[in-house]
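Here are some notes for a first look at this structure. Please keep the model open while you read the points below.

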Amino acid sequence: VLWHAGRALRTDPKNVKALFRRGCAHLSKPDHAAGVDLAIQDFARAIEIDPANKEVAQWLSKAKAQQRAHDKSSVGLCGRMLAGNER
């Protein structure tokens, strides 16, 4: 999906469907460190092009929620790591 969407976007950088599909593909790869960030970029670009697209807006919200959850867990992990060094 990533390859096909990327190819479509090289032909038409404003292809909302390709941006949406690529964003969904990025979001579905939890092992990819930058996947959520890349998904947010694609969904945000799609919303710029088509602000009335409710499905893309929902997925953008979902991606941002995942990013917040990840950021929160990272802060907790770093805090626990630093607290362990103070002993």
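Which residues form one aromatic cluster? Phe-20, Phe-43 and Trp-59 do. Bear in mind throughout that this is a predicted model.

1. Overall make-up. The protein has four helices and zero strands. From the N terminus, the order of the elements is α-α-α-α. The protein has 87 residues, and 25% of them count as buried. Take the contacts with a separation of 6 or more: 41% of these join residues 24 or more positions apart.

2. The first aromatic pair. A pair of aromatic rings is described by the distance of the centres and the angle of the planes. The count here is three aromatic pairs. In one of them, Phe-20 and Phe-43, the ring centres are 6.1 Å apart and the planes stand at 45°, so this pair is tilted. Phe-20 sits in helix α2 (residues 16-27) and Phe-43 in helix α3 (residues 35-49), so the pair ties together parts 23 residues apart in sequence.

3. Burial of the two Phe residues. Are they buried or exposed? Phe-20 is buried, at a relative accessible area of 16%. Phe-43 is buried as well, with a relative accessibility of 0%. The cut-off for buried is under 20%.

4. The Trp partner. Phe-20 also pairs with Trp-59: the ring centres are 6.1 Å apart and the planes lie at 85°, so this pair is edge-to-face. Trp-59 belongs to helix α4 (residues 54-85) and Phe-20 to α2, so the pair links parts that are 39 residues apart in sequence. Trp-59 itself is partly exposed, at 25% relative accessibility.

5. Helices α1 and α2. How do they pack? Helix α1 (residues 2-11) meets α2 at an angle of about 150°, and the axes are 9 Å apart. The two are therefore roughly antiparallel, since the angle is over 145 degrees. Their crossing is left-handed. On the α1 side, the contact involves Leu-2, Ala-5, Gly-6, Ala-8 and Leu-9. On the α2 side, Ala-18, Leu-19, Arg-22, Ala-25 and His-26 take part. By class, the contact of α1 with α2 has seven nonpolar residues, two polar and one charged.

6. Helices α2 and α3. Here the axes come within 8 Å and cross at roughly 160°. That makes α2 and α3 roughly antiparallel. This crossing, too, is left-handed. From α2, the contact includes Val-16, Leu-19, Phe-20 and His-26. From α3, Gly-35, Leu-38, Phe-43 and Ile-49 are among the residues involved. The contact of α2 with α3 divides into eleven nonpolar, three polar and three charged residues.

7. His-26. This residue deserves a separate look. His-26 is in helix α2. His-26 is buried, with 12% relative accessible area. Which residues does His-26 contact, leaving aside its neighbours within four places in sequence? They are Leu-2, Gly-35, Leu-38, Ala-39 and Asp-42.

8. Gln-66. Gln-66 is part of helix α4. Its relative accessibility is 33%, so Gln-66 counts as partly exposed. Leaving aside neighbours within four places in sequence, Gln-66 is in contact with Leu-27 and Val-36. Gln-66 and Leu-27 are 39 residues apart along the chain, and their C-alpha atoms are separated by 9.0 Å.

9. Lys-64. Helix α4 also holds Lys-64. Lys-64 is partly exposed, at 37% relative accessibility. How far apart in space are Lys-64 and Ile-40? The distance is 6.9 Å, C-alpha to C-alpha, for residues 24 apart in sequence.

10. Where to look again. Return to Phe-20. Phe-20 is in the aromatic cluster with Phe-43 and Trp-59.

Methods:
Residues numbered from 1 in each chain as written. Predicted model: local features only at pLDDT ≥ 70, side-chain atom pairs only at ≥ 80, totals over all residues. Heavy atoms only, no water. Phe/Tyr/Trp six-rings, centres within 6.5 Å; stacked < 30°, edge-to-face > 60°. Buried < 20%, exposed > 50% of the residue type's maximum accessible area, 1.4 Å probe, protein only. Axes fitted to C-alpha atoms, helices over the stretch in contact; angles between N-to-C directions. Parallel < 35°, antiparallel > 145°, perpendicular 65-115°, else oblique. Left-handed = near helix turned anticlockwise from the far one by under 90°. Contact = heavy atoms within 4.5 Å. Nonpolar A, V, L, I, M, F, W, Y, C, P; charged D, E, K, R; others polar.
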